[in-house]
Amino acid sequence: MAQSASKSCDICMSGPGRHICEQCDQWMCENCKTLHLRSKISRNHTFLNESHINPDDKPFCKEHDENIIFYCVDCDIPICKICSVKKHKKHDMSEINETTQELQAKVKKIIDSKIKCVKTNLDTIELGTVKYQNDIYEAIRAITEDGNQIKQWIDQKVKALITSLEEQETNNLKALQSIKTDFQNDLEKIKKCEAVFTESQKVVNATTLLTQLKDIKSELEEEGEKQPPSMPSMKYNKKNTLERNVLNLLGDISFK
């Protein structure tokens, strides 16, 4: 790539472009810089001179040493004005900053959507877990109440049913916790992407920002949408019993 000092002024096209406006991303000679700073709309713009500019940090076309100002949609690459005429004349193109802003909005939308989805799933699991535990507690209460009424016959049956409930509860809560942990891990990954996205807002270089945003979008798309699990439930089915049917006095337990 040619050094920045070899560029001509992007405004008058005749003087040497020794200064670059950070807001307009244009090279200017000394006279054009002075006029630019006198303009009402650009009086607060800031400049870097050639001694403080690393050419590799600026969005130049490697082939033509021109500012990258377009984005070729068909080829999915940033291009300069010469590239747009020579190689991409019939391609669908847009302005690089506009493309970057659009991708920026899409990435932000994806982040917001995924965070909302994961939080909704976590809320569903939390509410379902509480309900499931309440069902368990209610079943144990009902079983214990029935057991106390006919305690001399069914102490062993009561113990067996409660043990079955608690074992099933332990297994299901363990499974729910594992699924919940997966969603929490997903949330952490998305938040990390959000942190990287927030940090990328400090990047002035549109090409660099475009690359970073693509990486973030790619990482986000790797995280597929997950649905909350089918929450377990149970019901204690009471029976009308006779004393002679000792083993059948208590109801059955059903799980989903």
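On a 1 Å grid over the protein atoms alone, a cavity is defined as a set of points where a 1.4 Å probe fits but cannot get out. Grid points are joined across faces, edges and corners, and a volume is the space filled by probe spheres set on the points. The model is predicted, with local features requiring pLDDT of at least 70 and side-chain atom pairs pLDDT 80 or more, whereas totals for chains, interfaces and linings use all residues. Residues are numbered from 1 along each chain as its sequence is written, and side-chain values use heavy atoms, without hydrogens and water.

A search of the whole structure returned one cavity of 30 Å³ or more. The volume of the largest cavity is about 80 Å³. Its lining (residues with an atom within 4 Å of a point) consists of Lys114, Cys117, Val118, Asn121, Phe183, Asp186, Ile190, Glu223, Gly224, Glu225 and Lys226. Five of these residues are charged, four nonpolar and two polar, where Asp, Glu, Lys and Arg count as charged, Ala, Val, Leu, Ile, Met, Phe, Trp, Tyr, Cys and Pro as nonpolar, and the others, Gly among them, as polar. Helix 3 (96-149) and helix 4 (151-200) each supply at least two lining residues, and helix 3 gives the most, with four. Helices (H or I, at least four residues) and strands (E, at least two) are DSSP runs, numbered from the N terminus.

In helix 1 (residues 30-38), Cys32, Lys33 and His36 are buried (under 20% relative accessible area, 1.4 Å probe, protein chains only). These residues lie on the same side of helix 1 because they cover an arc of only 105° around the axis, taken from the directions from the helix axis to the C-beta atoms. The face turned away from the buried side carries Asn31, Leu35 and Arg38, which are exposed (over 50%).

Technical notes
1 Å grid on protein atoms, 1.4 Å probe; cavity = no way out; pocket = protein on both sides within 12 Å on 5 of 7 lines; lining within 4 Å.
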